[in-house]
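Student: I have a structure open and I'd like to learn how to read it. Can we go through it together?
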Amino acid sequence: MAEYICLLNKDTIIIKPAKKTPILLRMIVLVFAMVCGVFMCSVCLKQTSIHSKIKFHDIQVVVRLSPDDDNENLQISRVHYPNPETFSRAECEHNPVRYFAILSMQRSGSGWFETLLNSHVNVSSNGEIFSVLDRRRNISSITQTLDKVYNLDWFSSASKNECSAAVGFKWMLNQVIVVEKVYGTILDPNETIRNKLFIQSGYMGVMQHHKEISDYFNRRGVFAIFLFRRNLLRRMVSVLANSYDRHAKLLNGTHKSHVHSTEEAKTLARYKPMINSTLLISDLKDVEITATKALEYFNSTRHIVLYYEDLIKNPAKLKDVQEFLGLPLMELMSRQVKIHKGPLSDHVKNWEDVNKTLNGTAYESFLQADY
């Protein structure tokens, strides 16, 4: 071991041993470096896999572009002055029009939301125009229908015609081809009426032709409004009850998907569907996948993401929608009455099975009353 020799004067010699670096200190530095390396690697791995773990109902941010950030060309493409073939816009021909599409799924509040929009004096939302198969048979028929709507040549009970400031429609993401093959039955509360259920096979419409439609939206400056429902179990109950009433026609022999009185709502709410608990989790995942794919497909479009529950709890969020469409702010109203109120346990026949299936899973929160 080396030693230091210090000469203080000619008669004195002091010999000092060399300073040692403690082994413990070296080990601490080594362990710290290893921990930092492992942490950095784990962060990188999480960033590459986080996309597959995100559930669509966890998305909280409203995704939209700010008008202040747009360049002049984008601003021009979003403001339109249609020249209808079927009528003259008269004194409103110099008023700009915005194009929009409500992208949603059945029983997610889209009908109620559309009535709210249509209560605005300047909005024409023309309903579920692609429920007719011929209009979505191929991309050519789809674009022809879109052109007619956005040229103000589409007439419905909601059309404001020449003085529309925003025109659009609602489009179901999970629209499918229905094949008439029986795979089960629906029972009425007394289990005396059996109605056929039909297999639904294959998408035909917005999801099938998402690339072409996304390009169309970008080219024509269409505003996409995504409307989802956080509680997918409530949505499922509504879907099953509505499907049953389509055959049973509980309201004096007529089927109504939406009602305008508490009496009608109570009548429809008396039916308690039985949910297939074996397929429940996979069915909920399928809905999530559809919504997540839609957000991916239309990520490049100008869009906003809304949730039915948020609109119910906070009506002020409707202001965001009006600002998104560049509309003068108004109080929006709807005459529709909610059908399934209160705890879900009051509306599901085999509630114990459903509760047992979802407890301890990622969907456990759906069991609780959220509004």
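Tutor: Let's take a sheet and then the cavities.

Tutor: This is a predicted model, where local features need pLDDT of at least 70 and side-chain atom pairs count only at pLDDT 80 or more, while totals for chains, interfaces and linings use all residues. Residues are numbered from 1 along each chain as its sequence is written, and side-chain values use heavy atoms, with hydrogens and water left out.

Student: In what order do the 5 strands of the open sheet come?
Tutor: Strands (E, at least two residues) and helices (H or I, at least four) are DSSP runs, numbered from the N terminus. Two strands pair if DSSP finds at least two bridges between them. Here the order is β4-β5-β3-β8-β9, with parallel pairing. β4 (123-125) and β9 (303-307) are at the edges with a single partner strand each, so one side of each has no neighbour in the sheet.

Student: Which strands does β3 pair with?
Tutor: β3 (residues 98-104) is joined to β8 (residues 222-228) by 5 bridges, and to β5 by 7 bridges, also in the parallel sense. Leu 103 sits opposite Phe 226 in β8, and Ser 104 has Met 172 in β5 as its bridge partner.

Student: Is β3 buried or exposed?
Tutor: Buried means under 20% relative accessible area, exposed over 50%, and partly exposed in between (1.4 Å probe, protein chains only). In β3, 7 of its 7 residues are buried. One side carries Arg 98, Phe 100, Ile 102 and Ser 104, the other Tyr 99, Ala 101 and Leu 103.

Student: Now the cavities: how is empty space found?
Tutor: Rolling a probe the size of a water molecule over the atoms shows where empty space is left. A cavity is a set of points, on a 1 Å grid over the protein atoms alone, where a 1.4 Å probe fits but cannot get out; lining residues have an atom within 4 Å of a point. Grid points are joined across faces, edges and corners, and a volume is the space filled by probe spheres set on the points. This model has 2 cavities of 30 Å³ or more.

Student: What lines the largest cavity?
Tutor: Its space is about 100 Å³, and the lining includes Arg 107, Asp 245, Lys 256 and His 340. Helix α6 (residues 232-248) gives the most, with 5 residues.

Student: And how much space lies in the second largest cavity?
Tutor: About 50 Å³. Among the residues lining the second largest cavity are Ser 124, Trp 154 and Val 167.

Conventions
On a 1 Å grid over the protein atoms alone, a cavity is a set of points where a 1.4 Å probe fits but cannot get out, and a pocket is an open set with protein on both sides within 12 Å along at least five of seven lines; lining residues have an atom within 4 Å of a point.
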